[in-house]
Structure formats: structure tokens, C-alpha cells
Amino acid sequence: MEKTHITYNDKISRQFVAASVGWGIVGMLVGVIVALQLSLWQANLGPYLTFGRLRPLHTNAVIFAFVGNMLFAGIYYSTQRLLKVRIASDRLAAFHFWGWQAIIVAAALSLPLGFTQAKEYAELEWPIDLAIAVVWIVFAVNFFWTLARRNEKHLYVAIWFYIATIITVAVLHVINSLAIPVGPFKSYSIFGGVQDALVQWWYGHNAVAFFLTTPVLGIMYYFLPKAADRPVFSYRLSIIHFWALVFIYIWAGPHHLLYTALPDWAQTLGMIFSVMLWAPSWGGMLNGLLTLRGAWDRVRIDPVLKFFAAGVTFYGMATFEGPLLSIKSVSSLAHYTDWIIGHVHAGALGWNGFMAAGMFYWMVPRLYGKKLYSVSAANMHFYLGTVGILLYVISMWVSGVTQGLMWRATNASGGLSYPNFLETVIALRPMYWTRLIGGTLYLVGMIMMGWNLWKTARSGQAVDEGTDVVIETPVADASQPSWSSILLGRPVMIVSIVGVLLGAVAIVNALAATFIIVLAFGVAFIGTIALSTGDKSKPAWHRLLEGRALLFTILALIAVLIGGVAEIVPSIIVGSAARHTTTTTPYSGLELEGRDVYLREGCYTCHSQMIRPLAWETARYGEPSTPDDSIFDHPFQWGSKRTGPDLSHVGTKYSYLWHWQHMRDPRATSPGSNMPSYAHLASERVDFASLADHMTGMRIVGVPYTDTQIANAATDARARGREISAALLADGHVRAAPDTELVALIAYLQRLGHPTGVTLPGAAPGPSTPIANTQAEAP
């Protein structure tokens, strides 16, 4: 045995805390700005500071800059103490910190400039995606290297969640970011249409699960017991919580696509597994709250415990609401509405934001050897944040339900009660202003926290904590089970055998979905019971597994991959076959360039392109969307929010002149619209020289462009542009250069709903049609 003193690298945690607080304030300031833009369209400052460009900046800043830096701060701090070892490499940790900040800066610059893949939560273009992969691999190497050097053999529950986070985020990011570059900051996703929708929401949902949930749960399991000075309520419950969560969560992504063109089997799987998430999610919430037993008297006076208790409660609320929204009947009302915005922000502000605040208020005094500068300011932050969240979430609940009910309302004759989409936009304005007030209060609380932590750091000095560790010389012990005996233990064998039976049933009879689901519940029950119990005369199986980091990691990876492979692979195979039988023709060169403008301006943040087979929706927009409609869309554009109407069938619904006027001044054609002006597109030129490269890239991902189409791309696009310019001149005496971005955008919009293309420049209704009759579907 050898006794040694270990000094932890707490500098890296101090750096990530400072970055998280700074970027958090920036991200939430941008959030307040975009909330203002929805309430007051004049707040859009084009072309770079419009809602469509700033909204992705807001989401990326809050998720990856604020929460991301917070996660790294907590993981580095807790991992070293749980493993009783200094982080393996200070240089790799420093590279991780500065590399992550460089990625954030690149995102902050590129998104307002319009460099985007237009995939929700994954907008960053391919060079930044590569950088993310490199930095994440460096982080993973340092983490698992530290695991290998640990002086504490047993892996505490927080480490389990960190392992699941690191491996799953890597898989999600790599697969969803697969794209073909066609320029320095331009690429096309290799997935298209239905397949891209499934992959994107497999990523999008599980980015929430494994970036915003599992690592924060690990932080909860470490910092909450520390702050409360109480042990975790239930070790067995933590086992069930972990394995059930990582296995079930990965299946739930399709619940974002209910009633869409996604195959019914995938929708059903997503809904069922989402409902199943109630159990492990609430198990984790109860484990956190019950850890506070015996410490509730301190919650009244301790801001750290206030934030933790409220944060875990918001986790419970969000994980109750999520499965509720995944039920088809509820989704038909809530999807595309502000209800979803309220749900997302209850989790982001209440769960992530409050857990971050509690962790910072606990960590910073210890990182700088000084008591918190102002406890009263921290308490004020808590109350401001709580009121801000409630105003935000409740206003969005009311707004969302109002939207859903107005869209589906019918009159006595069976027609729509509110055929003009703008009636809903106008009705929601009070709720948008209330949301703005709530967000501003939350931002003020964040600024107060930044000031409080800065004053605490200034009044103290940086402290790197350490501990004395007794290092034992490894001795071979024949009584210790081998890795193979653990791998072939009862829990793994039970789950494997029943899993094989489920697969056999699915292959023999594809209609046996109900039977499979019932058996899945049985597997979950039997597996978790087996995992959490053991013969009292010897260590439980899971306790042995907790001492084998590599084996634990492999099993966690398998649990995560099962759901992804089962959902995505069949969809890709079927989708590839469908391309050989489709009657849809690819976009023309000018339409493709117009679509790129649509993506760049963030139009997908306000408009959907997916008509669900619901009576009120088909009455408003036309026939339901089919997989063929978006088969050549890379990326897909089904959308997740309707601030404006669906555009699936907008093609030739309005004249070219109407679109020209609408994009330059939306209020001229649609009084009351909150859409920003895109007048700058009338003077910006399309780069036809790059069109052949764009079409070649699309051909690589599966769009059947011919050599002739690619060779004549620029010539054909200019000819089509001249046709549209001639129509504008004839209809409204508008002189438009045929190579402007607005002409290209109009070409794309007129194509929507016409799978075989638009051949004539004219479109009804013409310019003489009264505005009152044309604004029913106006954005």
C-alpha cells in the first residue's frame, strides 16, 4: 500500500463555470430579442438579425454554450472526486475548454450569416460539425483515461450517467451530421424526406435526453446529496432509473412526427415508448426529492437547496408533460403550437437552468475558498426565475391551446370558423408579450447570478482541492468473478433471450405489435428486478458490474444502439427502394437555389411543410402530405412550429406578383402579419456558378439529376428566372433581375405542392384578386 496526496484540477471547472454563466446570459438575451421580434415585427433587423437567423442562435447558445459548459464544469469537478484521481490530462482538458469555446464563437458568427444545415438543434455546418466531433472525442478520451487510472474501483451512479452521455452523444452527432459538402460552408444531408425526419428527431429528441437530461441527472446524483448532506434515497431505484431511461429514451423520437408521412409502425413505437418513459423519469425525480428528506427545513433558507428542489420538480413536470404530448389525441391539438414551446422551456429554464444555478452557487464558494457573496441576492434570483418561468410557460400553454382550438374550430355549416390564419396570430399577441416579460425576468435573475458569482470569486482566490488516497498494489484474486461471468450473468441472459424471441415474433408476424409491446413491458420488469437484486451471500450482479468500467460502457452502448438500429435501418432500406418508383421530379436548378435561400433565412422556424390527415387541417391546406412530397428534400422541411401557415401546397396558390410583394412587405398582402421583411432578397444575386456543384452534391445523396441537367444548370436557371421576371413585369410592372434571390425563392415556393414541377409562369389568383380573399393562408 502507498499513501499519496492528490490535488484536483479545479481550474478547468472554474473556466467552464465562467463560460457557462457568460454564454448563458448571451443566449437568454438573444431569447428575449426573438420573443420581442414575435411580438413586434419591427425588432427584426435584416438581413442578419431576423427571427429566422437568431432563433437557431438562441437554441444553440442555451443548449450547447450555457448547458454544455455547465455540464463539463460539473463532470470534471465530480468525476475527480468520485474516482479519487486527478483528471488524466490537463492539456486535453484545456484543449477541450478552448476548443468548445471556439465552436461556440463559430456558431455565433455563422448562424446570423446564414450558414446553416436547417436541421433543428443541428444547424451548424460541416466544418463546425467536424470540430465538435474532434473536441468531443478529446473529452471522451480524457474521461475514459481518467476512469482507467481511478483509485476508487466502484463507479457511483453519477458516473453511469456521464458514461451514457458521452457515448450516446457521439453516436447521435456523427450519424445525424452525415452530409456531403458542396462548399466551404454548405452541405446537403445524406438523408432525405421521411428518412431524414426520422433520423433528425431520433437525434433531436435524444439530444434532449442525453445532453440536457442524463448528464444533469448525474450532476443531481452528486451535488444534491452533497448540498443536502444526505445519502441518495435509494440505490436500487437509481439502477432501475438508469437502465430503463437509457434503453427506453432512444426509441421515443418518432413521437415528434405523429400524424405525418412517417410510417405508422414508427409513430406507434415512438408513442408507446414515450408513455413508458413516465416510470423511469418519475423514479429519478422521486429519488432526487426524497434525498432531501430530513433537510426540508433548510430548503427555506438555503438558495442552493431551493434551486435543486425546484429544478428536480420541474424535471418531473417536464417528463410528465412530454409523454402526455406524445399521445396521438393530445399531439393532434398541441403539435405545431406554442404549447410545445412552453414544454421545452419548462425543461430548459426550470430543470437545466435551476440545476445549473444550484450547482454554481454550491461550487463557486468552494472553488474560490470564500462564502457566497450575497445569499439574499441568490434568493432573489430564485424568486425572479420562478416567476419568470411561470409567466413564460403558462402564457405558452394558453397560447398553444388557443391556437390548436382555433385551427380546428368549425362553424354550423362545417366550414372553418377561422379560415384566415392571421386571426390566430392576432389573438395570441397578449400571450407573446407575457412571454417576453417572463423571459426578461429570468434574464435579470441570470445577470444577478453572474454578478453574485463574480463578486464571490473576486473576494476569494482560486483553490484546487485535494485528498489523501491509499493506493493498493494490485493482487490477483481468484475469488473475483471474471468479465465473462458478469457478461453472461442472469440479467444479460434474460434480456437477450427475451429480445431474440421478440425479434422472431416481429419477423414472423409484423402485425403482432400489441404482443411485442406487452412482452417489452415484461422484459423491462424482469430485467430491472434482476439487475437490482442478488444473492445476499455474495455481491449483487450490478454491484460487480459497477467495478468494470469497460464492460459497463459496452452494455450501456448496446442498450442505446438497439432502439436506434431497430427504427432507422428499416426506414432507410424502404426509403431507398421508394426512390426507384417515385413519380416526383427533382427541383430545377433555380428552385434548388430558392430552397437554399429558404433554409438560410430560417423560414422553417415558422412554417411547416406537412399536412396531417386531420379534417380541419385538410380543409385549410388540402390533401394530406405523402412520403413522395419530400422524397428529394435534403434536409426535410416538415417543421415543428407554425407561427405562419403550412406551405406544403402553397405553389401556384398566389401569383408571382403576390409573392414578390409579400416578401418585400408582408403587411401589404397580409395585414397583421408579424413576419419580417425580406426586401434585401430583391437585390441579392444568386451565384449560378456554384449551382452545378450543388446539384452534383444532391446527386451523390440520391437525387437523380442527369449529367445534362447538371451541365445546363446555370443556363436553365437563368431562363426560368427570365420567365418569372417577365411575369412580374406583365402583372405588376415590377422590374426584377432574373438572377435575384427573391426570384429564386419565388420559384421554389411556386413548386411546393407540384411534385412534377411548374411549367407555366402564370399562377392564380392573379394580381387583381382582392387581398381580403387571398390572405386566408398568408404567412
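Reader: Are tryptophan 407 and phenylalanine 421 buried or exposed?

Author: In this predicted model, tryptophan 407 belongs to helix α15 (residues 375-408) and phenylalanine 421 to the loop between α15 and α16 (422-427), so their pairing ties together parts that are 14 residues apart in sequence. As for their accessibility, both tryptophan 407 and phenylalanine 421 are buried.

Reader: Is the pair formed by the rings of tryptophan 407 and phenylalanine 421 stacked or edge-to-face?

Author: A pair of aromatic rings is described by the distance of the centres and the angle of the planes. For tryptophan 407 and phenylalanine 421 the centres are 5.8 Å apart and the planes stand at 25 degrees. Planes under 30 degrees apart count as stacked, and therefore this pair of tryptophan 407 and phenylalanine 421 is stacked.

Reader: What kind of pair do the rings of phenylalanine 223 and tryptophan 362 make?

Author: Phenylalanine 223, in helix α7 (residues 214-228), and tryptophan 362, in helix α14 (residues 338-367), are 139 residues apart, and their pair links distant parts of the chain. Phenylalanine 223 counts as buried at 0% relative accessibility, and tryptophan 362 is buried as well, with a relative accessible area of 9%. Because the ring centres lie 5.5 Å apart with the planes at 80 degrees, the pair is edge-to-face.

Reader: Which residues have the most contacts inside the largest nonpolar core?

Author: In soluble globular proteins, nonpolar side chains tend to be buried together. Here the largest nonpolar core has 170 residues, and its largest share, 18 residues, comes from helix α2 (residues 51-83). The residues with the most contacts inside this core are Trp100, Trp243 and Phe360.

Reader: Where does tyrosine 259 lie, and which residue lies over its face?

Author: Tyrosine 259 is found in the loop between α8 (235-249) and α9 (264-276), and with a relative accessible area of 22% tyrosine 259 is partly exposed. Although tyrosine 259 is not a glycine, its phi is positive, at about 65 degrees. Over the face of its ring, at 5.2 Å from the ring centre, lies lysine 328.

Reader: Which residue has its charged end over the ring of tryptophan 41?

Author: The distance from the ring centre of tryptophan 41 to this charged end is 3.7 Å. The residue that places its charged end there is arginine 667.

Reader: Which residue does a cis peptide bond join to histidine 634?

Author: Most residues other than glycine have a negative phi, and most peptide bonds are trans. At histidine 634, however, the bond is cis, with omega about 0 degrees.

How values were computed. Residues are numbered from 1 along each chain as its sequence is written. This is a predicted model: local features need pLDDT of at least 70, side-chain atom pairs count only at pLDDT 80 or more; totals for chains, interfaces and linings use all residues. Side-chain values use heavy atoms; hydrogens and water are left out. A nonpolar core is a set of buried Ala, Val, Leu, Ile, Met, Phe, Trp, Tyr and Cys residues joined through side-chain atoms within 4.5 Å. Buried means under 20% relative accessible area, exposed over 50%, partly exposed in between (1.4 Å probe, protein chains only). Helices (H or I, at least four residues) and strands (E, at least two) are DSSP runs, numbered from the N terminus. Rings of Phe, Tyr and Trp (its six-membered ring) pair if their centres lie within 6.5 Å; planes under 30 degrees apart count as stacked, over 60 as edge-to-face and the rest as tilted. A charge sits over a ring if NZ of Lys or CZ of Arg is within 6 Å of the ring centre and within 35 degrees of the ring normal.
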